[in-house]
Amino acid sequence: MNEHHSGNGHAHSHGDPGHHELPFWRKYIFSVDHKVIGIQYAVSALVFLLLGFSLMMLMRWQLAYPLQPLPLIGKVLGETVMPGGVMAPEFYNQLGAMHGTIMVFMGIVPLAVGGFGNFVVPLQIGAPDMAFPRLNMVSYWAFLPGGILMLASFFAPGGAAQSGWTSYPPLSDIAPTGQTIWLLAMVLLITSSLLGSINFIVTIVQLRARGLTFWRLPFFVHAQFVTSFLLLLAFPPLEAASVLQLMDRLAGTSFFLPSGLVVSGEALKVAGGGSPLLWQHLFWFLAHPEVYVLILPGMGIVAEVIANNTRKPLWGYRLLVYSVISLGFLSFVVWAHHMFMTGMGTTMSTFFQTTTMIISVPSVVILTCFIMSLYGGNIRFTTPMLFATAFLPMFAIGGLTGLPLGLTASDIYLHDTFYVIGHFHYVVAPGSIFALMAGIYYWYPKATGRKMDETLGKIHFWLSFVAINVVFMPMFFQGMAGLSRRLYDPTVYAHGRGVQALNVVISWGAWGLALAQIPFIVNFFLSLKRGEKVAENPWHATTLEWLAPSPPGHGNFLAEPVVYRDPYEYSVPGKPNDYSPQFVAEG
Amino acid sequence: MDATAADTHHESPEEFKKHLGKYYAVFVALLGLTAITVGVSYLKLNRPLAITVALIIASVKAGLVAGVFMHLISEKKVIYAVLLLTALFFLLVLLLPSFTTLEPHHSLPGT
Amino acid sequence: METAIPYTVKPHPVTGIPNGKFGIWLFLASEVMLFGALFSSYVLIRTAAPHWPYDGGLSSETLNVPLGTFNTAVLITSSITMVLAWASCKMGDISKFRLWMAATIGLSLVFLVVKYFEYADKFHHEHFPSHDNFYGIYFVLTGLHGVHIVGGVIVNTFLLTVGTRLWKTDPEHFTNRVENAGLYWHFVDLVWIFLFPSLYLL
């Protein structure tokens, strides 16, 4: 089953007469190897993250200096979207809708699941690849065209989608062509996710190495397992809704158009009888579990990095597993907390408020277990550990600020304000993205055979940590002052003018955050050639991926791996080393 | 490995033939139930009763297809677990949106 | 060369199933959610409608019940022929497999042709999806179902033609593939079992 393939790229084919070198396009383009596919996903996702971030940096100019011409870039973008260098309101809306869409569907999920999931999971369970390698390849090649199509929508007449990443009808039903392209691109992206989730579930259940029982799986695998179920079961309703919205836009149906709708003074010539709320239900049925898709892999990464860098087992491993499973399950029954302001009766809003309060419990348990894992540890503040440790208070802030949103009474005031933006960005930006950064620094040596530079890493971390808080903390105050989200010019309102100074601070923070990524980008590329070379297990870790060569060859392991113990046997009393890997036979 | 009644994995062709009878029986039952459901529709029952009867007949048909044609009746636990979870979420997505939009609520004063 | 993945053909010792069967059931679970969301839309839109169909009368007067019943019988028959195709593989008879699989494909095409006539008749009377949500729901639900039938026809045709090569080298693997295709096909039948009364009879 496993061919001999050493870490520095030589392929030995003795004992395997069928082996021959694949042509370039099958080895690197249409590869069926989970490691290549994982890297394809990760690199594509990082590029999309950068693009999505750039869109926001443009928006931050308009928010900090409303109606002021943007020097240089304003001219480059042209008169259609930046007449006289001033951002057109429609362009602001496009940037907003596409920023959210790109970051969520083309950035974080492909990096967390497509990238890290694909690369790490088969290695951590001792498998030679995913259960369905060709399906894996199809998944990536549905994702990339979907992403490119999404970006291409900027060039459609009327511009890209501009009705929020949430695409609420009736507005999205009558929006320009870019919205249709958004829907078609979403169908491709959703298909990619669905196929991927099937692959992960079958792989994790069926392809574990000998001795790797459910309760010996690294927490990262548990997290990816739950995530896959969320993707599998929550995405189809959004796919259905997208089909319905495409029908509304292209075939003149009225699934989401109520009777008697008047647009620009004219009655809309449709049959009516539809419901805008139907879209909201179907959208949020996905989109709430989606936010757990955004965070769960990150939590998995944080678990791995913390255990490794405290040199002690994770505190409450079983509790963590039960919590992540209940978190996944509960995520399906809270969605209408995004719809408290739609006129729901008190029974249903109480139901959703209650489930939303309950779901905070497993979240808090997970965070507590992570924090307890630090206690008494022999902590190494490597770059991954810095990001993983920072995740803890950042996710705490994000989670806690969710509470007033989940309670109907306070949500009346805070809904659709910048408070919401602050809340979800804390979980997603210094939450998920920091966790993903930890993962990149942590697993880069496994993927490339070289470590990233620690000094550049620390600079990247500290600059990002400061900047990201400068960006998102003030938003809570803007929201509490009543500032609405998706507002082109906050200064038209007195309450907006009252917090306008904060917009300047936030924007400079955002531009600073962008600059803070330069050490990371430089480090990422430079280390490929100049990074410190490493062997299989540079971090002295315990999980299975550290048995394989760095980078692993075709088939991953030199011999079939066997698992002998739990995943985080660090600092076991009486042992010579402070780590006992799962894959080492001696007792 | 457990050998359940319809675990055909290690059966010889001759042994497998025994199963054909039940497939044919289900086929006939499905056609019959189709005729019944169409026949019932001519009775013009009141709406709630009509829906109930139609859904019951459809569920029986579906149960036969799933249980016998799709071998669900003797499937492994892992598949049951996945389908149970799916059935639960199916009911949620089917019913909760309608419950939420249909619950009578008080309008704000002045609206 | 591709790496050999365990349990592609033989069942896993603990779960008792091979990878492909597990995979297809997971796919079907996602399909349940897809059609579930569409049924949910149907329920929500219909309960809010003043009457259904909007134009008055009954669904069974607006849609062609005899044609729908015929199509239901066609699909049910295609399900039994699909089972028999798989059974032929289990019993080692590849030519019987070809017969029953061809019958399944043939019946699927009959179903699609009938739907074509139903749609053409509706369009002839200017009853497009945009006419009102009764037609919108009807066309989307049966249309998406029809797309799934086309998908099944493609897979089954592949198995009937190119795919049969696998029978010579690995009959068990081929039989598994036929079984998995069958699971998909029965699911498509299952959806219609609910669609037909929901749209035509109620």
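## Exercises on rings, helices and backbone

**Exercise 1. Decide how accessible Phe123(C) and Tyr119(C) are, then describe their ring pair.**

Step 1. Phe123(C) has a relative accessible area of 32%, so this residue is partly exposed. Keep in mind that we are working with a predicted model.

Step 2. For Tyr119(C) the relative accessible area is 19%. Buried means under 20%, so Tyr119(C) falls in the buried class.

Step 3. Next, find where the two residues sit. They are both in helix α4 of chain C, 4 residues apart, which means about one helical turn separates Tyr119(C) from Phe123(C).

Step 4. Now for the rings. A pair of aromatic rings is described by the distance of the centres and the angle of the planes. For Tyr119(C) and Phe123(C) the centres are 6.2 Å apart and the planes stand at 55 degrees, so this pair is tilted.

**Exercise 2. Classify the aromatic pair of Tyr140(A) and Trp141(A).**

Step 1. Over all chains, the count of aromatic pairs comes to 74.

Step 2. The pair of Tyr140(A) and Trp141(A) has a centre-to-centre distance of 5.3 Å and an angle of 85 degrees between the planes. Planes over 60 degrees apart count as edge-to-face, so that is the class of this pair.

Step 3. Check the accessibility of each partner. Tyr140(A) is buried at a relative accessible area of 4%, while Trp141(A), at 26%, is partly exposed.

Step 4. Aromatic residues can also gather in a cluster. One such cluster in chain A includes Phe387(A), Tyr444(A), Trp462(A) and Phe525(A).

**Exercise 3. Work out how helices α4 and α5 of chain C are arranged.**

Step 1. Two packed helices are described by the angle between their axes and the distance between the axes.

Step 2. Helix α4 of chain C covers residues 94–124 and helix α5 of chain C covers residues 133–160; their axes come within 10 Å and cross at roughly 155 degrees.

Step 3. An angle over 145 degrees counts as roughly antiparallel, so α4(C) is roughly antiparallel to α5(C).

Step 4. The crossing of α4(C) past α5(C) is left-handed.

**Exercise 4. Which residues have their charged side chains over the rings of Trp539(A) and Tyr23(B)?**

Step 1. In chain A, Lys451(A) lies over the face of Trp539(A), 4.4 Å from the ring centre.

Step 2. In chain B, the ring of Tyr23(B) has the charged end of Lys22(B) over it, 5.2 Å from the ring centre.

**Exercise 5. Describe the backbone at Pro53(C), Pro551(A), Arg486(A) and His540(A).**

Step 1. Most residues other than glycine have a negative phi, and most peptide bonds are trans.

Step 2. Trp52(C) and Pro53(C) are joined by a cis peptide bond, with omega about 0 degrees. Pro53(C) belongs to the loop between α1 (19–48) and α2 (59–62) of chain C.

Step 3. The peptide bond from Ser550(A) to Pro551(A) is also cis, with omega near 0 degrees. Pro551(A) is in the segment after α18 (518–530) of chain A.

Step 4. Arg486(A) is not a glycine, yet its phi is positive, at about 55 degrees. Arg486(A) sits in the loop between α15 (454–480) and α16 (494–498) of chain A and is partly exposed at 39% relative accessibility.

Step 5. His540(A) has a positive phi near 50 degrees. This residue lies in the segment after α18 of chain A, and His540(A) is partly exposed with a relative accessible area of 37%.

Methods: Residues are numbered from 1 along each chain as its sequence is written. Chains are lettered from A and ligands numbered from 1 in the order in which they are written. This is a predicted model: local features need pLDDT of at least 70, side-chain atom pairs count only at pLDDT 80 or more; totals for chains, interfaces and linings use all residues. Side-chain values use heavy atoms; hydrogens and water are left out. Axes are lines fitted to C-alpha atoms, for helices over the stretch in contact, and angles run from 0 to 180 degrees between N-to-C directions. Helices (H or I, at least four residues) and strands (E, at least two) are DSSP runs, numbered from the N terminus. Angles under 35 degrees count as roughly parallel, over 145 as roughly antiparallel, 65 to 115 as roughly perpendicular and the rest as oblique. A crossing is left-handed if the near helix is turned anticlockwise from the far one by less than a right angle, and right-handed if clockwise. Rings of Phe, Tyr and Trp (its six-membered ring) pair if their centres lie within 6.5 Å; planes under 30 degrees apart count as stacked, over 60 as edge-to-face and the rest as tilted. Buried means under 20% relative accessible area, exposed over 50%, partly exposed in between (1.4 Å probe, protein chains only). A charge sits over a ring if NZ of Lys or CZ of Arg is within 6 Å of the ring centre and within 35 degrees of the ring normal.
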